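Please read the report below alongside the sequence and the coordinates.

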Amino acid sequence: MAVGSTGSAAEWWDAPVGTWIRKNIQYILIPFALMAFLLAWQALVVINRYPTFLLPTPGEVAASFVENWRNGILARHLGITLVEIGLGFSIAFTFAALVGYVLARSPLLEKIVSPYLVATQAIPIVAIGPLIVIWINTGPLQNALIAALITFFPMLVNTIVGVRNIRHEYRDLMHSYAANAWQVFTKLEVPAALPVFFGGVRVGITLSVIGVVVVELLWADRGLGFLINFARGQLDTPLLFATVVTMSAMAITLYIGVLILERCIFHWRRKV
Amino acid sequence: MQSRSRQLQSGGKKEIAKRLSALSRASASLRARLSRREYFGIFFLEKPSPLIEIESVSKRYGAPRDGVLALSDVSLSVRAGEFLSLIGPSGCGKSTLLKLIGDLLTPSAGRITIAGKSPDAARRARDCGIVFQSPTLMEWRNIAQNITLPLEIIGAPLPERRARADELLDLIRLRDFAARYPHELSAGMQMQVAIARALAYRPAILLMDEPFGALDEMTRERLGRELLDLWTRARVTIVFVTHSVPEAVRLSDRVAVMSPRPGRIERIVEIDLPRPRSAATRDLPRYWELLRQVRAALGLE
Ligand SMILES: Nc1ncnc2c1ncn2[C@@H]1O[C@H](COP(=O)(O)OP(=O)(O)OP(=O)(O)O)[C@@H](O)[C@H]1O
Ligand SMILES: [Mg+2]
């Protein structure tokens, strides 16, 4: 009997449905884990009788989220934050790629410039933020610039490493074909350095989000960071939570966007 | 001097060949006594004229005083259509010599001529195809795209590139893998792709730096056979660097044995085994005799 029942269980497990469940078990469990988390949260608030301003229930947060999404407040501030992130990231991306390539190709220049680059990294960027605020008054640009400063360095380093790590044999190969500089750049350097460069992009996009939000928290009058500050001032804790949720969703979406982009570009890679 | 070259002419081909190897060993002293024209005149007596001419080449890495002297006064001439192997202990400058021919390095002293041109001119004329020790394929390009990379660089139109890719894939019998990526191929297959790529613009010379060094014995022998097959069909001149004595003897017309650093040509062993070579070649006493000769020149016996 025992043998028979084990056999049938194994059969079920090996059936197409069973296989599908087994393969995707981590995804299937996500909603359950989320549900458990929300229930625990609700129970915590109810049992301890926390006031709303201290810790709202998931229901209150959801209600605030829907309300502020309907009246456009969240969307407006999200839009501003996104513009700042996009701007800051683009500036950092462009400069990191250009400067990184030049430095990678010129060791002498790198020796001259790198102490300054390292020094800028030693300065807490947020500390020179006020200076930028004094110099540039036009809203999103100042926040974007500070975010760009934070984002720039890791992307720069990855560009340099990516270009430097191209094995010398590949350069010899291109040289033996009498390839010109442009061909070496487009057919070897860019595609070969791209995977490492994208490692920098992945870190960079996260840093851009952090940079913009921190700056908004400190001295902006709009954006999601500002909204958090505003909600705290109003003791509107459900709005604060709703903003954090929006922000997290935004950050995750951006990160996944980069991952998807990577998948598309590096389609030739070994699938693990 | 006049009488000397006449004497050589009358001596018959065998005699000339014998003298040539003696000459190349004594080239330094000979060059002092012969004018340049006469010196080369001797080589021109050989029917297949030399395609690559290396004249007392030295190569020093680093500073003139305290650098590493990798090659010292190397002279060697490679005939058109020949399969020549370079063999010698590690660090004796085999790769260096190959890179000098391919114009990836410039000699510190001496001169290299390839089909009458300087190495730089020969490289620009795409006279040489190079195969490195590792396949050096571009992992973001599929096999067909890898093979046609050199053609892309010389600006060949797409239809021509496609046709040539098909031809070369047939040559290495990897037609089915045209759209695959390098990581989907075994190490041996990747090496074959690298060889096909080196042949893409029909170079007269194939420079191969230990192409089978990283492969197991079975794959090595199979690829060696296929390389010989390819060599007879594509009519290229091959300069082949190897660590393996049997491989050198199996494949080559001549084996140039190099001395430890600073490298020079210690001896050139003429491999007069009949072609086409097969597994039966190994049953010939002459094969073992030549093997012994090369090993002796390497100081192994
Ligand atoms: N880029 C370099 N800079 C300085 N020295 C070098 C360089 N390349 C090679 N050498 C030196 O030149 C000598 C010859 O090197 P080479 O690579 O030509 O040897 P090889 O015969 O190909 O050895 P192997 O069989 O191990 O590949 C070595 O002793 C090495 O120390
Ligand atoms: Mg070598």
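Helix 13 (residues 285-297) of chain B lies across strand 3, strand 8 and strand 9 of chain B, and runs at about 175° to strand 9 of chain B; contact here means heavy atoms within 4.5 Å, and angles, from 0 to 180 degrees, are taken between N-to-C directions of lines fitted to C-alpha atoms, for helices over the stretch in contact. Helices (H or I, at least four residues) and strands (E, at least two) are DSSP runs numbered from the N terminus. This is a predicted model, in which local features need pLDDT of at least 70, side-chain atom pairs count only at pLDDT 80 or more, and totals for chains, interfaces and linings use all residues. Residues are numbered from 1 along each chain as written, chains are lettered from A and ligands numbered from 1 in the order written, and side-chain values use heavy atoms, without hydrogens or water.

Strand 8 (residues 254-258) and strand 9 of chain B run antiparallel and are joined by 5 bridges, with B:Val255 having B:Val269 of strand 9 as its bridge partner. Helix 11 (residues 217-234) of chain B lies across strand 3 (83-87), strand 6 (205-209) and strand 7 (237-242) of chain B, at about 160° to strand 7.

| Residue with polar side-chain atom | Distance to an oxygen atom of ligand 1 |
|---|---|
| B:Ser95 | 2.6 Å |
| B:Thr96 | 2.4 Å |
| B:His243 | 2.9 Å |

Helix 5 (residues 94-101) of chain B gives the most to the shell around ligand 1, with 3 residues.

Methods
A polar contact is a pair of N or O atoms within 3.5 Å; within protein, one must be able to donate a hydrogen and the other to accept it, and residues adjacent in sequence count only if both atoms are side-chain atoms. Two strands pair if DSSP finds at least two bridges between them.
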